[in-house]
Amino acid sequence: MPTSRSSRSGSADHRGRSAWIRRFAPLGALVCLACVRGGDDRGRILVVAIDSDPGHLNPGITTSGGTHTAAELLYNGLVELDPLDLSPVPELAERWTVDDEGRRYTFYLREDVRWHDGEPFSAHDVVYSFTEVLLRFHARTRASLGAASPEIVALDEHTVEFRFSDPYAPLLQQLNVTEAPILPRHLYEGTDPLRNPVNFAPVGTGPFRFVSSRSDEELRYAANRAYFKEGLPELDAVIYRVIPDPGSQVLALEAGEVDWLFAVPGPDIERVARLPNLEILRSPIGPGGSNCVTTIGFNLDAAPLDDRRLREAIWHALDRDAFLERVLFGGGRVARAPIASGIPFAHHDGLELPRHDRARARALLAEIGWVAEGDGRRVARGVAGTADGTSLSLSFHHFPSQSAYAELVRAQLASVGIEIRLVTLEPPVFVEVVFRERDFDTAIVSYCNGTDPEIGVRRQYDSAMIGPVPFSNTAGYSNAAVDSLFHRAGTTVDPGERTRLYRQIQEIVARDLPYVWLVESLNARAHRTRCSGFGPSGHFAETARCEG
Amino acid sequence: MKVGYVGRRLLQVVPTVLGILLVGFALVHIAPGDPVLALAGEHGDAEYYEFMRDRFGLDEALPARTLTYLSRVLRGDLGVSYVQGRPVRDVIAARVPATLLLTGTALVLSTLVGLLLGALAARQPHGGRDAVITMATLGLFAAPVFWIGQLAIVVAAFHLGWFPVQGMRSAVESAAGLPATLDVLHHLALPAFVLASQEVAAVSRLTRQGLLTELGSPHVRTARAKGLSETRVLVRHALRRALLPVVTVVGSRVGHLLAGTVVVEVVFAWPGLGRLLITSVQARDMPIILGTFFLVAISVVVANLLTDLAYRAIDPRIRYE
């Protein structure tokens, strides 16, 4: 190196310093050749951050949040759902009719739709997508629609009919791009949909088409100029950047390297909202599903939680407002009923749920026989089904991402003498312990209710859904009346009758208290103000614009 | 003779790597957790999960699966990722360049900076400069790498704006050629420095210690008596012999760097193997986890072999029989 030679002369001190400067000067210069900030100079290109590589981009074979977040822009459903009241809006289907009290649905498809590769879209694509892919591999659609075993036939090139033996109510809520994306039959037929290479270079009908991807780094989509919705999309391209660390995501947004985040971490929301060129959007739709209610499930299989009074005491001991403020940082609302308020026709708005009242909690505990000892802990003295002297200590199983909920539950229950032992488990282990082995006292689950109670509520209460299925009936709740009400609500198309049945269900479970319905969480999305016009659904960028 | 030695060492690589793979396979399968969830997503019914488990052979007994897996590996087939449905070889190969670039740069950087700091410290042992260097390098060594990484992002990338916050390339790409290369280097600088910072301490401490020993020895006194400059004495006569223990740590640091890169890749959104490993562990994507084990095992074993061979080049007195 030339620098080391020139440093041979001069005093020892001097030599060291000048050598340092000379050694690092070229490096600094090199680095600063590229010293221009990315900034807001991308024009009509939207850059969004996602937290992991989605793997494949086929939303028809999985309900994984990663794949759906990344891939829904490429596809369409038969209908889209109105974000306000969840009513179906035409998408691939122009119009539809419902006959025989909900036993026969006929969809009339648009005739001007083409796949990204130029092939025309037809009724055969719809039939193929349902019978060969969605009803076999899409977990939610298979479990709900599949159970009703519909017969799906193409009447002609542009008409599809769904026939059921019993009336089937929720169909129109299950046909959007999240629950039932339509795939190209000409690229999938005769292949194994799980292994088809098209999953990595997808072809859809959606507002954007796939261009390229770099593993764990980025996905690039370009506008579909032949999109069937007039004048859309307004963007030229969407680029997904994989940024796993939530803190780095926020910094990248602030620095202008990305324009859109799907989720801002709670502690950052307030600060981000105050920044001049950033804006926060609240939405009940998240990557894992929509209308999510954070819920604590009691294991009803055995003592002591099979006692309703103990469950009520825990309800009284919990201050649910504190969860809204300290865990969600205001991003949501306290749950007022078992069914989320985002499904307005089913949500019960007049329920009495146990209020926060520590004195009442203590009195109830003493009444059952859980007596406070000197140090405030409670021990069994004549509790049915529990040996005398047993201390009141319950396990609380949770994901690492839910530790803020867990700590708060522990602190609040400690104040009435209930000890909580926190058990932190990665999702695959949580599923095994809680749903298969049922080896827990309490467990926290975010139940995404979806767009119809048939999709995301029934599994929580139906006695046929007790283990081993992940995120099913955590509590192990079994009530024949509730089972039959759910069955009736699912096979009735009359909206007024469905409302009445779901209200009845909620009144019963609010008496039985198999769960604590804590809070309804809203997703905090954020974007730079140079971009606007975002939609709330999986097609968030369909209507978006970016300037500058 | 030397060829025989290298051949013998290479033969030992096979049972070592197979052993590591066997232990890895057992560990991964004993650990609780069901990959079917990551595979299929939530909200399915029981029948559906059975169907998926069956499709991916998750229901076979452990010994049978172990045998199937090992015999496949011996034939060069690492299997297919559960989650991505792509051959493990392709998935891993796509990540190797990024990790190689990051760890390779960090290895070179930490070695050069470590040697430099060690030499600077040895020139005036127990002086002020020595104390500052010792404290700084040990401080960096002791600090958790994710913290150093986040600090570096907040200060150097976010507030000073010298570097990008995340990624390996800009989102809106520079054209090919020199601008694209500079773009990658610009993204590389910060994570490479952070990863290297952990490793500087070992090299600089060893260099300093070795130099101090050498500087007191007769051949250095002779060199000085010949009237050579201090730098020349240091570099030509003392450093060469002091390098031997340094080379030893360079070899063993390959494993260390690969461990550190897991964290650095997450913090800097660097698309390498470390992140692949983390997401695969979270999803229980066993074929990918084992494939990564396999690759890391091979590289650490080979790095150690290369280290042993490097001894000979540095010190001709060493012979391998």
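1. Phe430(A) and Phe471(A) are both buried, where buried means under 20% relative accessible area, exposed over 50% and partly exposed in between (1.4 Å probe, protein chains only). The model is predicted: local features need pLDDT of at least 70, side-chain atom pairs count only at pLDDT 80 or more, and totals for chains, interfaces and linings use all residues. Residues are numbered from 1 along each chain as its sequence is written, chains are lettered from A and ligands numbered from 1 in the order in which they are written, and side-chain values use heavy atoms, with hydrogens and water left out.

2. The ring centres of Phe430(A) and Phe471(A) lie 6.5 Å apart with the planes at 15°, so this pair is stacked. Rings of Phe, Tyr and Trp (its six-membered ring) pair if their centres lie within 6.5 Å; planes under 30 degrees apart are stacked, over 60 edge-to-face and the rest tilted. The pair links distant parts of the chain, 41 residues apart: Phe430(A) sits in helix 13 (residues 427-436) of chain A, and Phe471(A) in the loop between helix 15 and helix 16 of chain A. Helices (H or I, at least four residues) and strands (E, at least two) are DSSP runs, numbered from the N terminus.

3. Over all chains there are 27 aromatic pairs. In one of them, Phe399(A) and Phe471(A) have ring centres 6.2 Å apart and planes at 90°, so the pair is edge-to-face. Phe399(A) is in the loop between strand 19 (393-398) and helix 12 (403-414) of chain A, and Phe471(A) in the loop between helix 15 (458-461) and helix 16 (480-490) of chain A, so parts 72 residues apart in sequence are tied together. Phe399(A) is buried, as is Phe471(A).

4. One aromatic cluster is formed by Phe345(A), Tyr447(A), Tyr461(A), Tyr477(A), Phe486(A), Tyr502(A) and Tyr515(A).

5. The largest nonpolar core has 78 residues, and Ile314(A), Phe323(A), Phe430(A), Tyr461(A) and Trp517(A) have the most contacts inside it. Apart from it lies another core, of 50 residues, including Val250(A), Leu253(A), Ala171(B) and Phe268(B). A nonpolar core is a set of buried Ala, Val, Leu, Ile, Met, Phe, Trp, Tyr and Cys residues joined through side-chain atoms within 4.5 Å.

6. Over all chains, the structure holds 2 disulfides (pairs of cysteine sulfur atoms within 2.5 Å). One joins Cys292(A) to Cys448(A), with S to S 2.1 Å; at 95° about the S-S bond, this link is right-handed. Cys292(A) in strand 15 (residues 292-298) and Cys448(A) in strand 21 (residues 442-448) of chain A are 156 residues apart, so the pair links distant parts of the chain. Both Cys292(A) and Cys448(A) are buried.

7. Cys531(A) and Cys546(A) are also joined by a disulfide, S to S 2.1 Å. The torsion about their S-S bond is about 110°, so the disulfide is right-handed. Cys531(A) is buried at 0% relative accessible area, and Cys546(A) is buried at 6%. Counting bonded cysteines along the chain, the disulfides of chain A follow the pattern 1-2, 3-4.

8. On the surface, Phe146(B), Trp147(B), Leu151(B), Val154(B), Val155(B), Leu160(B) and Trp162(B) form a nonpolar patch with about 670 Å² of accessible area together. Phe146(B) belongs to helix 7 (residues 145-159) of chain B and is partly exposed, at 44% relative accessibility. Patch residues have over 30% relative accessible area and no salt bridge, with like charges joined within 9 Å and nonpolar side chains (Val, Leu, Ile, Met, Phe, Trp, Tyr) within 5 Å. A salt bridge is a side-chain nitrogen of Lys or Arg within 4 Å of a carboxyl oxygen of Asp or Glu. Accessible areas come from the Shrake-Rupley method with a 1.4 Å probe; for residues, only the protein chains shown count as cover.
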